[in-house]
Amino acid sequence: MGVQGLTGFVEERGVFFTELRVRDTKLVIDGSSLYHRLCFAPDADFRRGGDYGAFAAAVRDFFGVLRACGVAPFVVLDGGRGAEDRKLPTLRGRAAEQLRAAHGLSRGAGGCLVPLLTREAFVQALGRLGVPFVQCFAEADREIAGLANRWGCPVLSLDSDFFVFDLAGGYCPLSHFQWQSVRAAAEPQGCYVPARCFSADKFCRHFGPLSKALLPLFAVMNGNDFVGLEALEAFFSKVRLPRGCAAGRGGKHLRLQGLLHWLAQFAEPAEAVDNVLKYLKKHQREEIRELLCTSMEDYAPSDVNLEDFFQKGCYECEAARKADVPQWVLDALAKGKLAPFVINALILRSTFLRVQVENMQRPSAHSTALPIRQVIYGLLLRVSHGAEDASPSKQTNELPIVCEFDRCQKTLKKTFVQAASLPSDFCDDRFPLDKLMEVPMSCRQMLLLETLGVKMSFLEPIPSHLQLAVAVTCYWIRCSEPKVKLNQLKALLLVIVSGELQRIIDDPDPTVLPAEDDSVAYNEFLKWKEKKLQNNDFDLDASHSFCQWQCCLQMGFYLNQLLGTPVSEPDLSSRLYTGTLVHRLYQELKSAPSVENLFVFSPKMAQLYLVLLNTVES
């Protein structure tokens, strides 16, 4: 969510904040805001598809600082779009913006674009660090506000909606949370994070005084992710806002200021709504009243008690129950073991496929992974025919359809995709979606591997935590158009090996004696990385191919999760994929094939590379 123009309006004045020393407290963190903030580091490379290891290191550093200051973090992530899908127009607008950013980056312009697997890397990093987190059924704002008020602690976010919620512990914008400038205090309490906390009381006193109960109406009338301003243009064109604050010259902030002063004359929202409606045509009034009242509920406390989840692991949600979401799906979603993509496909039969920096003249990189998505849709949407569907007129062999939003060249388009027909084990009426985990694990593993076109016997020489990534790589080689070049494959496998080497050095297995040759190989690798690049050109076709691999890995992740992880999940946070490195290796392999022997000083790593290459090529 977000209120249009409100962050700039509040920041411009600055008087609504108090200085805060954050230490020895619980802190409720908006996970989506945090991973975006950490992802957009000043030195991040957004063209080459994401450096997930560096991102995971930033996540680790952030939570390390909180721990040092005695702060107990609780991360709350957005889930799906919600059964009513009220944000669809906003999401389509954002997807179009991301498409423009990706196109600009592909042509060498600046800009920011969240790499495709950032959310997955963030959730894995939280799990590795033992940070408590929950993924909500839908938009998380109300649940974040409810939990923070239950505990009387601050909210950390970058979402302007938190200027509107009545928060007992206040709202700390991430832009004022100086976690990289931790201060050590002279007093016994120890170190703290310098921050600034928004005070709704100061804000309301400044305009009127304005009743805090009117802030949700102010947000809705100004326009947020659920309500566009068009519905209220008649009001703004006729009303005389105080202090010459009409729309037009002077910009949006004048309108915001005028609306706040105008609302201050009313004691409560119902009275203000009645006065807004007087400026509208009679036939519009009831529809607009309903729109305003429904939208104000987005700032009311949530019925979901996240304290129960963090204490007992129990996530109860009325909206999910009404949408007939199986309990195991809701539990897995809450624990981050299923992605919002899955819940959107199940509830809405509609998904967004996020754009990357790819060749816009070619079909979307996501088209390579379409057969994997069709199997996911088949698992989620297969129908068990009950008694009322038994009549011949109601029986149909048609497979369910899902609407996908994806790019077609430089435009966002929607495509209707048919779910896959599943093997007989999964069509059995004994195993509808709510009983999917009762299908034998061997059958679930077989469906995953058959979808990716590999046999388990091929994967047996591969370490278990790399088997899914290798299976996906086999699929990518087989299904990509244009075909993957050998040097692209070698570059990708060398990156996977470099991630393994770094994992062994950073996080050694205490039961295994450290091998000196691994350290030698790692130091040689670091020396190679520090060498000045002979050629740092950006190859758009290679980028497109690596984007296809990430799309396949993402959907391989999601299918594996939906099937209850019959194959171990690869760890993105341990540098499984590093975009800048894979592009550099690809460029160097073209001019200096000897770079293929980068890990020759470690027989174990050299052997791993050969095993990976032979498995994929076979």
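Predicted model: local features only at pLDDT ≥ 70, side-chain atom pairs only at ≥ 80, totals over all residues.
## Packing of helices H21 and H26

Helix H21, which spans residues 467–479, and helix H26, which spans residues 603–617, have axes that come within 9 Å of each other and cross at roughly 45 degrees. The two helices are therefore oblique to each other, and their crossing is right-handed.

On the H21 side the contact is made by Val470, Thr473, Cys474 and Ile477, which meet Leu612, Thr615 and Val616 of H26. By class, the residues of this contact comprise 5 nonpolar and 2 polar, with no charged residue among them.

The loop between H21 and H22 holds Pro482, and the peptide bond that joins Glu481 to Pro482 is cis, with an omega of about -5 degrees. Helix H22 itself, residues 486–506, supplies at least two residues of the lining of the second largest pocket, which is the subject of the next section.

## The second largest pocket

The space in the second largest pocket amounts to about 820 Å³. Its lining is made up of 36 residues, and those that lie nearest the centre of the pocket are Ala41, Asp43, Ala44, Ala54 and Phe55.

Several helices take part in this lining, with at least two residues supplied by each of H2 (31–39), H3 (52–68), H22 (486–506), H23 (516–530) and H25 (579–591). When the lining residues of the second largest pocket are sorted by class, 19 are nonpolar, 10 are polar and 7 are charged.

The largest cavity is lined by 13 residues, of which Phe46, Gly49, Leu113, Gln356 and Val357 are the closest to its centre. The lining of the largest cavity divides into 8 nonpolar, 3 polar and 2 charged residues.

## A positive phi at Asp85

A further backbone feature is found at Asp85, which is not a glycine and yet has a positive phi of about 55 degrees. Asp85 sits in the loop between strand E3, residues 72–77, and helix H4, residues 88–106.

Key:
Residues numbered from 1 in each chain as written. Heavy atoms only, no water. Axes fitted to C-alpha atoms, helices over the stretch in contact; angles between N-to-C directions. Helix = DSSP H or I, 4+ residues; strand = E, 2+ residues; numbered from the N terminus. Parallel < 35°, antiparallel > 145°, perpendicular 65-115°, else oblique. Left-handed = near helix turned anticlockwise from the far one by under 90°. Contact = heavy atoms within 4.5 Å. Nonpolar A, V, L, I, M, F, W, Y, C, P; charged D, E, K, R; others polar. 1 Å grid on protein atoms, 1.4 Å probe; cavity = no way out; pocket = protein on both sides within 12 Å on 5 of 7 lines; lining within 4 Å. Points joined across faces, edges and corners; volume = space filled by probe spheres on them.
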